[in-house]
Amino acid sequence: MQNFKLNRELAHLAVLQRTELLGKNLKKLRKLFGRYLFTVLFSKYFINPNKISKNYYHLMEKEFFLIKKYLKKEDRVLSIGSGIGGLEVLINKTFDTNTFFIEKNYISKKIKYGWDSKNQEAYNNLNLLADFLLNNGISQKKFSLFDFDKNDLPDIKFDVIISLYSLDYHYEFSLYEDYLKKIMKPESVLIFDTIRPEYFNSIFKNVEIIKQDLNTVHKSKRIVCRNF
Ligand SMILES: C[S@@+](CC[C@H](N)C(=O)[O-])C[C@H]1O[C@@H](n2cnc3c(N)ncnc32)[C@H](O)[C@@H]1O
């Protein structure tokens, strides 16, 4: 498989979640017509789902290669802010993981990217996330979905916790800090993107930087943390 199955609705979510999937023209339209028309109209109807699907697949494949050494067969994985879940599909295919997702179940009216101190911004839909996972080969018994705003979060130990461009990138780490303490074992790994990797040296005994995004506005680094 060199591609994901994505319909227009899922391709719409993918471009909202990963702005690198937007072409130059869509970025121009966002500047010209503003965030509302961009969110509800251009980013949904002015895209080519097949093209988005291929590009999203390649993006997720790159992310997978970067982190696959932290995973092993049948790990229990938690994904915080997974988006539509392409990375988690690739992980499941290789490692037969059990994956738990915590996400938000709405799309903000006028999406605003950047730091969101109140954690109000969201761009997902749990029904579409489930459709994506099932259509791309994860069986129903291998995943569970949790709505951050409604459900109790899973109270079990995880081997690997992943949060790409979500935790401490859009909203404060402290929102999940106590929860993470409960669900991490000393050997569990937590992988996420942040602009302040040094801060985590005071929280975890082990912090490793595995990627730097110096060309983006946020200049973030991806870190792997172990041992609270
Ligand atoms: C920039 S997207 C990144 C999606 C995906 N991780 C990726 O790399 O393609 C950020 C995601 O975090 C989700 N999100 C926002 N607040 C959240 C929260 N408190 N808990 C879990 N997910 C959240 C958003 O709905 C969105 O899907």
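1. Helix α2, which spans residues 24-33, is hardly covered, since the count of buried residues among its 10 residues is 0; a residue is called buried if 20 or more other C-beta atoms, placed from the backbone, lie within 10 Å of its own. Helices (H or I, at least four residues) and strands (E, at least two) are DSSP runs, numbered from the N terminus. Glycine 34 follows α2 and has a positive phi, near 90°.

2. This is a predicted model, in which local features need pLDDT of at least 70 and side-chain atom pairs count only at pLDDT 80 or more, while totals for chains, interfaces and linings use all residues. Residues are numbered from 1 along each chain as its sequence is written.

3. An open sheet is formed by 7 strands in the order β3-β2-β1-β4-β5-β7-β6, with mixed pairing; two strands pair if DSSP finds at least two bridges between them. The edges are taken by β3 (143-147) and β6, each of which has a single partner strand, so one side of each is left without a neighbour in the sheet. On average, neighbouring strands of this sheet are turned by 15° against each other, direction ignored.

4. Strand β4 (residues 158-163) is mostly covered, with 6 of its 6 residues buried. It runs parallel to strand β1 (residues 76-80), to which 3 bridges join it, and valine 77 has valine 160 of β4 as its bridge partner. A further 5 bridges join β4 to strand β5 (residues 184-194), again in parallel, and here isoleucine 161 is paired with leucine 190 of β5.

5. Together with helix α7 (residues 174-183), β4 and β5 make a right-handed β-α-β unit, where right-handed means that, with the strands pointing away from the viewer, the path from the first strand over the helix to the second runs clockwise.

6. Strand β6 (residues 206-213) and strand β7 (residues 220-226) run antiparallel and are joined by 7 bridges. Valine 207 stands opposite cysteine 225 in β7, and aspartate 213 has serine 220 as its bridge partner. The two strands form a hairpin with 6 residues between them, and lysine 219 in the turn has a positive phi of about 50°.

7. Helix α4 (residues 49-67) packs against helix α5 (residues 86-95) at an angle of about 60°, with their axes 9 Å apart; axes are lines fitted to C-alpha atoms, for helices over the stretch in contact, and angles run from 0 to 180 degrees between N-to-C directions.

Definitions and conventions: Buried ≥ 20, exposed ≤ 12 C-beta atoms within 10 Å, placed from the backbone.
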